[in-house]
Amino acid sequence: MAEDQKGSFSVPAHIAIIMDGNGRWAKQRGLPRNVGHRQGAKVFENICGYCQKIGVKYVTAYAFSTENWKRPKDEVNALMKLLVQYLRSEVSELHRNKVVLRVLGDITALADECRKEIEESIELTKNNTGLVLNFAFNYGGRDEIIRAVKNVVDDVQEGKINKENITQELFANYLYTKDSPDPDLIIRPSGEQRLSNFLLW
Ligand code: IPE
Ligand code: IPE
Ligand code: MG
């Protein structure tokens, strides 16, 4: 973070976090991977609270990628369940703290219970004015771009836009991230240095 002239630190407007290293954290302690995921969720709650306190406007958490479906079925189910539990236990407090909850990704592919919980949380918090918390869930940057291209093509074919008018600004409006600025800081806690299909645009 850059230090400004008064000697205080400027706060990034948008912090994106690639949640990672849960499995290794658990393995080092001889615990099942799912315990690592639960611990990761707890740490994330603290981080969110801290971000609110210091005035971060947007936090995006990469919690489940389009590639994560390839993990063992039990682990996939546990990750879905964890999101549902997180929302059930946290959403009232997030709402009290004026947090706006949003999801980046295709939630139509999720089990009904999970999708419903997400939709209700989004609906409850949509008019809040505080921190925007984006959950990237069943999110993939490539998937996001292909989906946007298809929607652009539809709109061209339906005459809503002209091909000549397709600009970066216009295209960005077709992405899941359309309502958030680009991230200022991306954190990947595991020590890996790759994007894993996160926020490619
Ligand atoms: C969390 O960490 C990632 C997800 C939330 C899917 P990992 O499960 O990838 O942990 P490592 O990389 O195996 O340590
Ligand atoms: C990135 O972590 C995806 C999420 C955090 C949701 P992974 O652990 O799944 O990514 P790779 O397999 O190491 O690239
Ligand atoms: Mg990992």
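Predicted model: local features only at pLDDT ≥ 70, side-chain atom pairs only at ≥ 80, totals over all residues.

Q: What is the volume of the largest pocket?
A: The volume is about 540 Å³. A pocket is defined on a 1 Å grid over the protein atoms alone, as an open set of points where a 1.4 Å probe fits, with protein on both sides within 12 Å along at least five of seven lines. The volume is the space filled by probe spheres set on the points.

Q: Which residues lie nearest its centre?
A: Met19, Asn22, Tyr62, Ala63 and Asn68 do, out of 28 residues that line the largest pocket. A lining residue has an atom within 4 Å of a grid point.

Q: Which element gives the most to that lining?
A: Helix H2 does, with 5 residues. Helices (H or I, at least four residues) and strands (E, at least two) are DSSP runs, numbered from the N terminus.

Q: How does the lining divide by residue type?
A: The lining of the largest pocket has 13 nonpolar, 9 polar and 6 charged residues. Here Ala, Val, Leu, Ile, Met, Phe, Trp, Tyr, Cys and Pro count as nonpolar, Asp, Glu, Lys and Arg as charged, and the others, Gly among them, as polar.

Q: And what is the volume of the second largest pocket?
A: That pocket has a volume of about 370 Å³. It is lined by 17 residues, and Asp20, Gly21, Asn22, Gly40 and Pro189 are the closest to its centre.

Q: Turning to the ligands, where does ligand 2 sit?
A: Ligand 2 sits in the largest pocket. A molecule sits in a pocket if more than half of its atoms lie within 2 Å of the pocket's grid points.

Q: Which residues surround ligand 2?
A: Among them are Ile18, Met19, Tyr62, Phe64, Arg71 and Ser196. A residue counts as near a molecule if one of its heavy atoms lies within 4 Å of it. S2 provides the largest share of this shell, 4 residues.

Q: Which side chains have an N or O atom by an oxygen atom of ligand 2?
A: For Arg194 the distance is 2.6 Å, for Asn68 it is 2.9 Å, and for Asp20 it is 3.1 Å. A polar contact is a pair of N or O atoms within 3.5 Å. The protein covers 78% of the 380 Å² of accessible area that ligand 2 has on its own, with areas from the Shrake-Rupley method with a 1.4 Å probe.

Q: What about ligand 1: which space does it take?
A: The space taken by ligand 1 is the largest pocket. There are 13 residues around ligand 1, and Asp20, Gly23, Arg24, Arg33 and Arg71 come nearest.

Q: Which atoms lie by the oxygen atoms of ligand 1?
A: A backbone N or O atom of Gly23 lies 2.9 Å from an oxygen atom of ligand 1. A polar side-chain atom of Arg24 lies 2.7 Å from one, and a side-chain N or O atom of Arg71 is also 2.7 Å from one. Ligand 1 exposes 390 Å² when taken alone, and the protein buries 89% of that.

How values were computed:
Residues numbered from 1 in each chain as written. Chains lettered and ligands numbered in written order. Heavy atoms only, no water. Polar contact = N/O pair within 3.5 Å; in protein donor to acceptor, adjacent residues only side chain to side chain.
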